[in-house]
Amino acid sequence: MAFSTPASGTSLDVHLAPAPTAAATSSLYRDALRRLARNRLALAGGVIVLLILLVAIFADALAPL
C-alpha cells in the first residue's frame, strides 16, 4: 500500500516535541504549593488554621490548671 502526499503540499512527517526532562517536570505537590504561594488569601488562612491547630495541641502547656 503506497501513501501519497496531500494535495496541499504538506508533508506527512510528524514532528514531536522533545520529552520533558526530570528538571522540567513538576510534581503534583510542588505545583499545588506554587499555586498556594501565589494566592495570598489562601496562604493567610492556612497560617491561621496552623496557629489554631498548634494552640489546640499545646493547650495543656499554655494554660495549666
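Modeller: One term before we start: a residue is called buried under 20% relative accessible area, exposed over 50%, and partly exposed in between. Also keep in mind that this is a predicted model.

Colleague: Thanks! So what does the secondary structure come to?
Modeller: The protein has 3 helices and 0 strands. Along the sequence that reads as α-α-α.

Colleague: And what share of the residues counts as buried?
Modeller: Of the 65 residues, 0% do. The accessible surface comes to about 6400 Å², and 69% of that belongs to carbon and sulfur atoms.

Colleague: Okay, on to packing. How do α1 and α2 pack, in angle and distance?
Modeller: Helix α1 covers residues 28–38 and helix α2 covers residues 40–57; they pack at an angle of about 100°, and their axes are 5 Å apart. That makes α1 roughly perpendicular to α2, because angles of 65 to 115 degrees count that way.

Colleague: Which residues in α1 and α2 meet there?
Modeller: From α1 you have L36, A37 and R38, and they meet R40, A42 and L43 of α2. By type, the residues of this contact divide into 4 nonpolar, no polar and 2 charged.

Colleague: Let's stay with L43 for a moment. What is L43 in contact with, leaving aside its neighbours within four places in sequence?
Modeller: With that exclusion, L43 is in contact with L36 and A37. L43 itself is found in helix α2.

Colleague: Is L43 buried or partly exposed?
Modeller: L43 counts as partly exposed, because its relative accessibility is 33%.

Colleague: How far is the C-alpha atom of L43 from that of L33?
Modeller: Those two C-alpha atoms are separated by 9.8 Å, and the residues are 10 apart along the chain.

Colleague: New topic: how many salt bridges does a search of the whole structure find?
Modeller: The search finds 1. D31 pairs with R34, and the closest N and O atoms are 4.0 Å apart.

Colleague: Where do D31 and R34 lie?
Modeller: Both lie in helix α1, 3 residues apart, which is about one turn of the helix.

Colleague: And why do D31 and R34 count as partly exposed?
Modeller: D31 does because its relative accessible area is 32%. For R34 the value is 38%, so R34 is partly exposed as well. Remember the limits from the start: partly exposed lies between under 20% for buried and over 50% for exposed.

Colleague: Great, that helps a lot!

Technical notes
Residues are numbered from 1 along each chain as its sequence is written. This is a predicted model: local features need pLDDT of at least 70, side-chain atom pairs count only at pLDDT 80 or more; totals for chains, interfaces and linings use all residues. Side-chain values use heavy atoms; hydrogens and water are left out. Axes are lines fitted to C-alpha atoms, for helices over the stretch in contact, and angles run from 0 to 180 degrees between N-to-C directions. Helices (H or I, at least four residues) and strands (E, at least two) are DSSP runs, numbered from the N terminus. Angles under 35 degrees count as roughly parallel, over 145 as roughly antiparallel, 65 to 115 as roughly perpendicular and the rest as oblique. Contact means heavy atoms within 4.5 Å. Ala, Val, Leu, Ile, Met, Phe, Trp, Tyr, Cys and Pro count as nonpolar, Asp, Glu, Lys and Arg as charged, and the others, Gly among them, as polar. Buried means under 20% relative accessible area, exposed over 50%, partly exposed in between (1.4 Å probe, protein chains only). Accessible areas come from the Shrake-Rupley method with a 1.4 Å probe; for residues, only the protein chains shown count as cover. A salt bridge is a side-chain nitrogen of Lys or Arg within 4 Å of a carboxyl oxygen of Asp or Glu.
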